[in-house]
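Here's a quick look at a few strands and a surface patch. Take a glance at the model first, then read on.

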Amino acid sequence: MHVVIVGAGLSGLCCARTLLASGATVTVLDASDAIGGRVRTDVVEGFRLDRGFQVLLTSYPEVQRVLDLDALDLQPFSPGAEVWLGSAFATVSDPFREPLAALPTALSPVGTFADKLRVLNLRQSVRAGIVDDLWERPETTTIDALRNRYGFSDLMIEQFFRPFLGGVLLDPSLVGSSRAFEFYFRMFSEGDAAVPAMGMQAIPEQLATAIPPETMRFNTRVESVQAGRATLASGEVLDADAVVVATEGPEAARLTGTGETERKSTVCLYWAADSPPVDHTMLMLDGTGNGPVNNVQVMSNVAPTYAPDGQTLISASVLGTPEATDEALEQAARTQLRGWFGAKTERWRHLRTDRVTYALPDLLSLEPPERPLALDSGVFVTGDHRRNASINGAMVAGRHAAEAVLASQ
């Protein structure tokens, strides 16, 4: 059996790996110049710049099933976050994983003391049972779950959960599925948030080692698909026993009429500095809501390989699609962070601004937990927009699409 796969992101690569392991042959097509989809890393002046701030959660079930984590040489963030409250940072950490941070967290002005106890209850709740049980829980919005299911105060929600989930799920409004929130919180509780030493693109590169290079074609745009056939923009027609569309939601919708076209966007700003503004490896969150920056990371503290020797790499995330020009946005972000770190920000050198228009699919509901992969047209479609907006969701959906193809023959 021969299968044409449109898209060489995580879903397409996982689909190809599963098919190849079952004895099928594949042709993988991608309109860009390399594998990875949204998970790409560029080297600029010796700095490793991921295309938008991204992390790998080591507790993801499919990640543990598929990837060789040791080979990725993962560099972990410290659990928890430093939250900017307007005049100083306050620590919020996981006392089970960072016992030394238990007292600072308990005394932190982020939320109330009762909120700290509610975090322990939340942690216990999301870790009960197996992971798949989370996708069967009654679904509500994240904000409703935080307030009514777990009882958090508005202070805790505004100071911590809104910026934290804004950075993780790109959902500062907290209107997304409670299932996604609970899944992510379990993943953060059970493992590390980390980046590969060589950048996030090391993940698709590792997946691609199981795929013969001659089966992949880049800079190749697909014009249309139908059962057993893909027509390229060049006019070339590729026949196959099955076609799998493994692209972002809008492109999947163009090709198949099925896909999540609503999206979440983000902007990532990168700066080079002579020294780091802090000496820790925690995520830093804006607990004031004054923006435009939602979260800041000193990437070279976490992964020294992200910067040349003696240099520092700092990234900041702005949520959504701001109308300001890149120059104006960078200046506004720098002004905001001067309040956090002082005048040293004036000496930072701007490296790049990445506007990631399609960072995640906007999945307000995860009912059902996975949308159909086999379409009535005889074409198969996969991607994180078919399951849930995460690296794990993309990888699982890719494997499931391959299994659906194999079952159809």
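Phe-113 is exposed, at 53% relative accessible area (exposed means over 50%, buried under 20%, partly exposed in between, with a 1.4 Å probe and protein chains only). This is a predicted model, where local features need pLDDT of at least 70, side-chain atom pairs count only at pLDDT 80 or more, and totals for chains, interfaces and linings use all residues. Residues are numbered from 1 along each chain as its sequence is written, and side-chain values use heavy atoms, with hydrogens and water left out.

Phe-113 sits in helix 5 (residues 113–126); helices (H or I, at least four residues) and strands (E, at least two) are DSSP runs, numbered from the N terminus. Together with Phe-96, Leu-117 and Leu-120, Phe-113 makes a nonpolar surface patch with about 420 Å² of accessible area.

Now for strand 7 (residues 81–84), which is covered on both faces: Ala-81 and Val-83 are buried on one side, Glu-82 and Trp-84 on the other. Here are some strand pairings (two strands pair if DSSP finds at least two bridges between them):

| Strands | Sense | Bridges |
|---|---|---|
| strand 7 and strand 8 (residues 89–92) | antiparallel | four bridges |
| strand 7 and strand 16 (residues 283–286) | parallel | four bridges |
| strand 5 and strand 9 (residues 193–196) | antiparallel | two bridges |

Trp-84 stands opposite Phe-89 in strand 8, while Val-83 faces Leu-285 in strand 16. The hairpin of strand 7 and strand 8 has four residues between the strands, and Gly-86 there takes a positive phi near 115°.

Elsewhere, an open antiparallel sheet of three strands runs in the order 5-9-6. Its edges are strand 5 (56–57) and strand 6 (74–76), each pairing on one side only. Leu-56 has Ala-194 in strand 9 as its bridge partner.

Notes:
Patches are made of residues with over 30% relative accessible area and no salt bridge: like charges are joined within 9 Å, nonpolar side chains (Val, Leu, Ile, Met, Phe, Trp, Tyr) within 5 Å. Accessible areas come from the Shrake-Rupley method with a 1.4 Å probe; for residues, only the protein chains shown count as cover. A salt bridge is a side-chain nitrogen of Lys or Arg within 4 Å of a carboxyl oxygen of Asp or Glu.
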